[in-house]
Amino acid sequence: MVTREELIQKAAGARQRAYCPYSHYQVGAALLTDDGQVYTGCNIENVSYSATVCAERTAIFAAVAAGHRHFQAMAVVGGPEGQKYDYAPPCGVCRQVMSEFCGKDFRILLAAEGKETREYTLEELLPQAFVLAER
Ligand code: THU
């Protein structure tokens, strides 16, 4: 069983692999599948800025590409290069991508070094999400 703290530490480890020569802001994410596996992601920037991908989507896409469709939780940490990790709430696009694969009860853990972890459901971060038909 993966603990909350382990998931946060995996996100912090992934953050070290961020490729962010433009913003110098490193984000790491760790996604827990329904069957207890963890997929990590970091932000990967591009000189053509709009081609940048966020850490959260990197993790989700890696997990989906590996065959996973059901997820329990994601830990996210971020902060300027060389600094402690801090709270980094997912952007709107990442919340939308979460909504494609995760239920309303999917948990998002936002951690900051030395501070209390904040926990939200996807429903709290993306209320009234768009759906083609009420599920
Ligand atoms: N970023 C993420 O990785 N996740 C988010 O939810 C918001 C922003 C990245 C994108 C870019 O590389 C850097 O943070 C600064 O915006």
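Predicted model: local features only at pLDDT ≥ 70, side-chain atom pairs only at ≥ 80, totals over all residues.
Visitor: What makes a residue part of the ligand's surroundings here, and which ones are in it?
Guide: The ligand is surrounded by Ser23, Tyr25, Val27, Asn43, Glu45, Thr52, Cys54, Ala55, Glu56, Pro90 and Cys91. To get in, a residue needs a heavy atom within 4 Å of the molecule. Residues are numbered from 1 along each chain as its sequence is written, and side-chain values use heavy atoms, with hydrogens and water left out.

Visitor: How do you know which classes make up the shell around the ligand?
Guide: Ala, Val, Leu, Ile, Met, Phe, Trp, Tyr, Cys and Pro count as nonpolar, Asp, Glu, Lys and Arg as charged, and the others, Gly among them, as polar. Sorted that way, the shell has six nonpolar, three polar and two charged residues. Strand E1 (25–33) and helix H2 (55–65) each supply at least two of the shell residues.

Visitor: Why is Cys20 called buried?
Guide: Buried means under 20% relative accessible area, exposed over 50%, and partly exposed in between (1.4 Å probe, protein chains only). Cys20 has 3%, so it's buried. Its place is in the loop between H1 and E1.

Visitor: And why does Glu81 count as partly exposed?
Guide: Glu81 has a relative accessible area of 38%, so it falls in the middle class. You'll find Glu81 in the loop between strand E3 (71–80) and helix H3 (92–101).

Visitor: How do you know what Glu81 is in contact with?
Guide: Contact means heavy atoms within 4.5 Å. Leaving aside neighbours within four places in sequence, Glu81 is in contact with Arg15, Cys20, His24, Tyr25 and Gln26. The C-alpha atoms of Cys20 and Glu81 are 8.5 Å apart, although 61 residues separate them along the chain.

Visitor: What makes Gln26 buried?
Guide: Its relative accessible area is 7%, so Gln26 is buried. Gln26 is found in strand E1. Beyond four places in sequence, the contacts of Gln26 include Arg15, Asn43, Val77 and Glu81.

Visitor: What makes the phi of His24 worth a look?
Guide: His24 has a phi near 55°, a positive value in a residue other than glycine. His24 lies in the loop between helix H1 (4–15) and E1, and at 39% relative accessible area it's partly exposed. Gln128 also has a positive phi, about 55°, without being a glycine. Gln128 has 75% relative accessibility, so it counts as exposed.

Visitor: How do you know what counts as a helix or strand in the chain?
Guide: Helices (H or I, at least four residues) and strands (E, at least two) are DSSP runs, numbered from the N terminus. The chain has four helices and five strands, running α-β-β-α-β-α-β-β-α from the N terminus. In H3, Cys94, Arg95, Val97, Met98 and Ser99 are buried, and their cover includes H2, E3, strand E4 (107–110) and helix H4 (122–125).

Visitor: Why does the radius of gyration agree with a compact globule?
Guide: The radius is taken over C-alpha atoms, and the globule rule is 2.2 Å times the number of residues to the power 0.38. For 135 residues that gives a value near 14 Å, and the chain has 14 Å, so the two agree. Of those 135 residues, 42% count as buried.
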